[in-house]
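Reader: Please take me through this model one question at a time. Give the cut-offs as the terms come up.

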Amino acid sequence: MALPVTQERPDALPEASVTPAAPGRAARALAKVRAGLPRTGLAVLAGLLLALSFPPFDLWPLSLVGVAALSLLTLGRTARQAAWTGFAFGLPFFLLLLSWLRVVGWDATVGLSVIEALFLAALGSGLALTSRLPGWPLWAACLWVTQEWARDRLPLGGFPWGRLAFANTATPFTPLAAIGGAPLVTFAVALSGALLAWAALRLRGPRRAPRAAALAALGAVAALLAGYAVPVPTAPADTVKVALIQGNVPNPGMDFLGRPMMVLNNHAAATEKLAADIKAGKVEKPDIVIWPENSSDLDPFSDPLAYRRIDDAVKAVGVPTLVGTLVDGPDEQHVQNEGIVWDPKTGPGASYTKQHPVPFGEYVPFRDQLSKVITRLQRVARDFYPGDHNGVMQLGPARIGDVICFEVAYDEIVRDTVDKGARVLVVQTNNATYAKTGQPEQQLAMSRLRAVEHGRAVLIAATSGISAVIAPDGSVVQRTEELTAAELSAVVPLRDGTTVADRVGAVPEWTLAVAGLLACGAAVLIGRRRVAGS
């Protein structure tokens, strides 16, 4: 017999008991991603704006915009959410800032940018935690110093590129370097940006407070203008006449050296031309001559021809010359990057060996393992052996403090030369690999900040540019163009006095960095107490 049409199957459930399937984990994750896209997009844009505040763009007010934007984007978020926002901010920032690494390879640019962006992710979490504390703009500024403190040291000795201070080396913030160095400049920039963010919050929403917004904006302006109240000492105790030789290179890029002796011949020939001009009465004879890093592409102590070429050029000009060269290290696997004082009568004398070789550029960490995977690393045939002392040397009448290339980015290396008596700072550099990429401009900016920080003239000698004479107030007196042979002559001050930044050393950096960490700890404890009491 047929079943009635109204009868249900025995195993069927009543309609009322059927519930729609809950969305799957993937669907929920996708929904979260879509919801976060606008915030992520704004973080990417803010990171790019921050990069534009650095050389070669030099739109320094955007450093305030970048700080303010990250503060607003992380405000009130969870630590995990803010970490992603910080990473989305940091990755495009470093990709644009470090785009000069494309000469080595875009994989190097991306890899280093990812590592550096992880520090910005940690910063984002810290900003989110401390945004719940009273006076959070102050803690935000401290955390920017904390983040830079960590990046300056980790991993493998750190990489200080992208510090807020290095975008503000010719701005109203700059004189603060004479009190607390680069960390105090970073703090002031970050405080100004965070206060602007706080002011923007007080101008919108149901809790509008125009008067509080105005006070925060005034605080941001005060942080901006505080540098004008800082005296920058520049009075010389003595002077020295100096000539900087920029001999240029055959081919910019990875193979800038060309054939052996080419770079050395360029610098020797330029020095001999200077000697001829002195003899003809066209220019005054300098007291000292400075050649750049790697101006000799051969070890003069193992290559007699290189020794003779340098010695002939120095004797022709007749004054002590600082020569940059690579010399054999303590064993066959190592080489040393040195600046050597070469006297026209007695030959080579005192020398400085670069203390902070660049990982993967001047030495290969975990060489045996990584060289098998990244064959390009095999081009670094020998690792650079680090020096064990500062670059204070007597060069004719001048007691110089020599730092080599990227070392100008590290506070302690430059500070140590001044502490040990350097009266003028010398930066020997070889930027030929990165010619016309923006990297030489970034390094020039760092040197300008060091001049103000230590109240010393800074002399940059570069193989292919940018060579420059920088006054103790940070102003560029002379500079060369890139990829040209050039010579700069100037009378520069020798100074014995020290700045407040010299005397307090790393105290401001440690104080501000620890304050940022303590603020994070306090935010975590307060949050737990609130949860426990609810």
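Reader: By class, how many nonpolar, polar and charged residues does the lining of the largest cavity have?

Author: Ala, Val, Leu, Ile, Met, Phe, Trp, Tyr, Cys and Pro count as nonpolar, Asp, Glu, Lys and Arg as charged, and the others, Gly among them, as polar. The lining of the largest cavity then has 3 nonpolar, 3 polar and 4 charged residues.

Reader: What kind of model is this?

Author: Residues are numbered from 1 along each chain as its sequence is written, and side-chain values use heavy atoms, with hydrogens and water left out. Local features need pLDDT of at least 70, side-chain atom pairs count only at pLDDT 80 or more, and totals for chains, interfaces and linings use all residues, as this is a predicted model.

Reader: Which helix gives the largest share of the lining of the largest cavity?

Author: Helices are DSSP runs (H or I, at least four residues), numbered from the N terminus. H6 and H11 each supply at least two lining residues. The largest share, 3 residues, comes from H6.

Reader: Which helices do the buried residues of H14 pack against?

Author: Buried means under 20% relative accessible area (1.4 Å probe, protein chains only). Among the buried residues of H14 are Leu512, Gly516 and Cys520. Counting contacts as heavy atoms within 4.5 Å, the buried residues of H14 pack against H4, H5, H6, H11 and H13.

Reader: Which side chain forms a polar contact of 3.4 Å with that of serine 63?

Author: Serine 63 lies in helix H2 (residues 61-74) and counts as buried because its relative accessibility is 0%. A polar contact is a pair of N or O atoms within 3.5 Å, where within protein one must be able to donate a hydrogen and the other to accept it, and residues adjacent in sequence count only if both atoms are side-chain atoms. One polar atom of the serine 63 side chain lies 2.6 Å from the backbone oxygen of tryptophan 60. The side chain at 3.4 Å is that of asparagine 168.

Notes:
Buried < 20%, exposed > 50% of the residue type's maximum accessible area, 1.4 Å probe, protein only.
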